[in-house]
Amino acid sequence: WQLIPTRGVHEAQKRWIARREKVGTLQMLGVDGAMGGQDQTVIATRHGPERAPERGATIGRLVKRKGKDTPDGQSIVALLMGTSWGEEGAGINIDAIGIGKSAVDVAKVCGLKVNAVVVSNAAHWRDPRHPLQKYLNVRAAMMWRVRSLLDPEGGPEETRLAIPPDPELLADLTAPRFSMKQGGLAVESKEDIRERIGRSTDCGDSVALACWQAYEMYVGTVNF
């Protein structure tokens, strides 16, 4: 019941080494915020070819900060504004539950191209390779999308997602389990994963947010 096969993650990390000098244009940021405790605020960037950003996307090196260093939404946005990312006009997907809601509000005031992702909302996205499969919520669809992008059988090597060789990211992406329910495919909650492995999967969730297409496909729809 492991959602994302370990093999797919290993191969994606090998691809990253080959692509790291030419990652392409910044397309999207994924922000998983934390406020204190042992969790981290993690920012993932997704880069890709200008004309076909979905083909051969590459995740940049993750930016990680301890939760105590990002106690509120302003500090998370300050972290974003402290880089050139906010100036490049890329979309920013922020997990809008908890501290993320505050970060979304501050980011909007700052004029950033932000999208509030509410992972508990209903999901309408469908995997083109499995069009009849439904997902219990946005979190399930978002994580399945990462699985699809990492699938070694999903297409030519140059069209697959590449991710940095980060041991923590490897552990995060291979931790979630899935189950089939009446409403569709369900993915283990962050709370349940934390109880099982002893920590939150912040790195993996930031990558999932960076790969989520709600903003690009449904501009103006905040809660996809």
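**View 1. Trp1, an exposed residue in a predicted model.** Trp1 has a relative accessible area of 66%. That value is over 50%, so Trp1 counts as exposed. Phe178 is its ring partner. Phe178 counts as buried, at 17% relative accessibility. The cut-off for buried is under 20%.

**View 2. The aromatic pair of Trp1 and Phe178.** A pair of aromatic rings is described by the distance of the centres and the angle of the planes. For Trp1 and Phe178, the centres are 5.3 Å apart and the planes make an angle of 70 degrees. The pair is edge-to-face. It links distant parts of the chain. Trp1 sits in the segment before α1 (6-19). Phe178 belongs to strand β7 (residues 178-181).

**View 3. The aromatic pair of Trp125 and Trp212.** Here the ring centres lie 6.2 Å apart, with 65 degrees between the planes, so this pair is edge-to-face. Trp125 lies in the loop between β6 (114-117) and α4 (138-150). Trp212 lies in the loop between α7 (202-211) and α8 (214-217). The pair therefore ties together parts that are 87 residues apart in sequence.

**View 4. A cluster of aromatic rings.** Trp125 and Trp212 belong to a cluster linked by ring pairs. In total, the structure holds 4 aromatic pairs.

Conventions:
Residues are numbered from 1 along each chain as its sequence is written. This is a predicted model: local features need pLDDT of at least 70, side-chain atom pairs count only at pLDDT 80 or more; totals for chains, interfaces and linings use all residues. Side-chain values use heavy atoms; hydrogens and water are left out. Rings of Phe, Tyr and Trp (its six-membered ring) pair if their centres lie within 6.5 Å; planes under 30 degrees apart count as stacked, over 60 as edge-to-face and the rest as tilted. Helices (H or I, at least four residues) and strands (E, at least two) are DSSP runs, numbered from the N terminus. Buried means under 20% relative accessible area, exposed over 50%, partly exposed in between (1.4 Å probe, protein chains only).
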